[in-house]
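Trainee: I would like to learn how the words used for a structure follow from their definitions. Could we go through some of them together?

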Amino acid sequence: MECNLFDNWGIFHKKYDSEAIKSSFANHLEYSLSKDKYSATIRDLYLSLALTVRERMIEQWIRTQQLYYKKDVKRVYYLSAEFLMGRALVNNLINIEMYDEARKAMSELGLDLEELVDQEPDAGLGNGGLGRLAACFLDSMAALEIPGYGYGIRYEFGIFKQTIKNLGQYELPDAWLKFGNPWEIERPEYSFPVKYYGRTADSTWPDGKFKTEWIDTNDVVGVPYDTPIGGYDNQTVNTLRLWSSRASHEFNLDYFQHGDYLRAVEEKNISENISKVLYPNDSNIQGRELRLKQQYFFVSCSIQDIIRRYLVTHPNFDEFPDKVAIQMNDTHPTLAITELMRIFVDEQKLEWDKAWDLTRRSCAYTNHTLLAEALEEWPEPLFGFLLPRHLQIIHEINRRFLKSVSLRHLGNTEKLRRMSIIREGEVKKVRMAHLAIVGSHSVNGVARLHTELLKENVFRDFEEFFPGTFNNKTNGITPRRWLLSCNRGLADLISGHIGKNWIKDLEQLRKIEPLAPDPDFQERFASIKKENKKALAHLTDDLTGYLIDPDSIFDIQIKRIHEYKRQLLNVLHIIYCWLKLKEEPGFDFFPRTFLFAGKAAPSYFTAKLIIKLICHVAEMINSDPATKDRIRLAFLPNYSVSLAEKIVPAADISEQISTSGYEASGTGNMKLSLNGALTVGTLDGANIEIREEVGRENIFTFGLSTAEVEELKPHYQPHLYYQDDAVLKEVMDLIGGGFFSPDDPTLFRPLTDRLLGDDPYLVLADFEDYRKCQETVSRTYPQRAVWIEKAILNVARMGKFSSDRTIREYNREIWKASPLTITPPDGEKAPDEKSLCP
């Protein structure tokens, strides 16, 4: 049935004016929520506005999907265990260009748009950069009119809610669906069964051909929930499809009739645990099994859905790689390879070689880590118990692959051992990264240095065996959320001088370079930054009770808490500065506020101890009357996308201080630079490329290079650095001796013991250079014209780091999908927007 969305484009566009918005808003309040002005809560008002926006997107959404079928386009499927979407209301208002009219409409109704926006919970379905990157990529695919879909899990509880209790992290469930989600639409008609456990049995097809059956399984059902992803300044609305697990049999009446009420619903409860929580604790066997269940659950549902959609318009699989591009975001979706093979061979009767060719030509893998512990491996007994057919398929893939390696490297058993998908040992393990590489036609890193290290070190054997397979796709961020939405003042200043084309072509920001030294432009730029800092100061007071000075340097480190990201290096320097201020009244130090935010994995003892140290040091420093006007410290709890949107525009300094060679890319560095913060960073991840773009003189770099790190490690003696720097020694002794935790003097001893023992991330080795780098910052910031010019140039030269550029590269070099402009039926052209809107 042909959608009537575009029958009258004039009417379609009029739906975006403030009067139409007010009418829809009132209708939803009354008819969708059954509320009136007397009974409506502030949450009801938010829901009414969200539904008003959604209904305008749905018309375009239907038309988009119709044309994808009609034009038989190649579609990109982005599989990710994480989608850190954040809030959707403002992003959608901006992308469908309805923000100003919505603000006007709410104002005319006596409502504050920002207050309504704050009612929306963050969709925190991710742990950090991996999930946020996936969200940026979906935004860019829609903006670039690329037929794209995101596939993941509809976690009932997202990343935990972090509170600070007794000066340490305390985790609470994040019940983000408690009041429903107005953006999603349940699609039970596209549910799929997912099998677990059981056994395999040899059998034959009716024509006598051999087949393997997976039988005696425990099944669950994956139910999809769809969220529209609107493209900026176009009519494209793509889809994020998230899967929720349900029992195949909701209720056992027999148990219930016999009075066993718990067992009557036991299967339902067990099945629904699969999509219950993001990343269950995997420190025990039950947690590890649940994680593997989650990965297979969303992969199986997604692959079945991809094949269902393909078969709507194709009688066989000959064109499958020409119509399907599957991008696996890290190793979590790697089972897509084995699931494709299972369906092709076991259900669609394809020969192995044909199925393998289709699979490899359709799948591509993005690697996000250089850390050995982050390269997933699953114990073979667990894997075989949960997914017996898939383990068989992996063994066959590995057998054939190692045979081809042997033919090329006769007698090289060591190479076979290194490249095998199965790691030999007391307990054999399935190497998911190896499976992803062997089963993909493309493997990419996410920053130039990261990709070079993958090719030269981590996966050198595979790079040699599959020449041309490895490539780089430096990460990016969407400028719609990370400048236009979160920093309206700066966005308006830029648009007032160079127009709005930069929103879809971030390289256009180069046009403000000539304005960088202009006093008037600098004054307006600085004024916007000051207002952003005042807003963050107010928020910091609300969240922590600490008063901070907007005239001080705002030094920001916001990211997941992990030893390699070296929040500990930052803390050591903060204590160092505090001691210098107390001991040397003439110490050259411009007043500075240090702000941290980030979550530590609940089972990561050291990371949680670092948060506790930050909070204890903050309590001590902020209560010191001798220095409180010159140095302040705060830890902002419950870091999230929406909190980042408030912090990023206010930052003066962006701390990107990971040990060189450990950070794959980073995207926080890009967000902060795009909003006028100057980076203090090591030559790690994307910092290197940021320095190339903004200029060496507009970034503060320090520390050992990746090569120097590798050279030092074998003979590194951290205690020598401790002994050679009297103030650093005093800092370490205060921490380890209990000065910051007098009620528990040994509380932080594990941190100092680790630093003085092996210091795996070379904190002490880089401390002196970091300290000198920070002294340069303190000397430069008071030169206001110089500093502001550097900040403006950071903004102007961040064009490379748009996720639009990243997605163009993925599409040009890996996916090869043709963009499709969504048009009215029969080729009718929509009138120019200016002729429709006053």
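Mentor: Let us start with two residues, Y576 and F767, both of which are buried. Please keep in mind that this is a predicted model, in which local features need pLDDT of at least 70 and side-chain atom pairs count only at pLDDT 80 or more, while totals for chains, interfaces and linings use all residues. Residues are numbered from 1 along each chain as its sequence is written, and side-chain values use heavy atoms, with hydrogens and water left out.

Trainee: What makes a residue such as W578 count as buried?

Mentor: Buried means under 20% relative accessible area, exposed means over 50%, and partly exposed is what lies in between, with a 1.4 Å probe and protein chains only. W578 has 4% relative accessibility, and therefore counts as buried, whereas F739, at 36%, counts as partly exposed.

Trainee: Why is the pair of Y576 and F767 called edge-to-face?

Mentor: Rings of Phe, Tyr and Trp (for Trp, its six-membered ring) pair if their centres lie within 6.5 Å, and planes under 30 degrees apart count as stacked, over 60 as edge-to-face and the rest as tilted. By this rule there are 34 aromatic pairs. For Y576 and F767 the ring centres are 5.5 Å apart and the planes stand at 70°, so this pair is edge-to-face. The pair links distant parts of the chain, since Y576 is in helix α24 (residues 567-583) and F767 in helix α33, 191 residues apart. Helices here are DSSP runs of H or I with at least four residues, strands are runs of E with at least two, and both are numbered from the N terminus.

Trainee: Why is the pair of W578 and F739 called tilted?

Mentor: Their ring centres are 6.1 Å apart and their planes are at 40°, so the pair is tilted. W578 lies in helix α24 and F739 in the loop between α31 (726-737) and α32 (749-757), so the pair ties together parts that are 161 residues apart in sequence.

Trainee: What is there to say about S778, and is this residue buried or exposed?

Mentor: S778 is placed in helix α33 (residues 763-780), and with 4% relative accessibility it counts as buried. Its side chain makes a polar contact with the side chain of R592 at 3.0 Å; such a contact is a pair of N or O atoms within 3.5 Å, where, within protein, one must be able to donate a hydrogen and the other to accept it, and residues adjacent in sequence count only if both atoms are side-chain atoms.

Trainee: How do you know that the charged end of K165 sits over the ring of Y170?

Mentor: The rule asks for NZ of Lys or CZ of Arg within 6 Å of the ring centre and within 35 degrees of the ring normal. The charged end of K165 sits over the ring of Y170, 4.5 Å from its centre, and that of R309 sits over the ring of Y149 at 4.4 Å from the centre.

Trainee: How do you know that C577 is in no disulfide?

Mentor: A disulfide is a pair of cysteine sulfur atoms within 2.5 Å, and a search of the whole structure finds 0 disulfides. For C577 the nearest cysteine sulfur, that of C773, is 12 Å away. C577 is buried, with a relative accessible area of 2%. C615 is likewise in no disulfide, and the nearest cysteine sulfur, that of C577, is 19 Å away.
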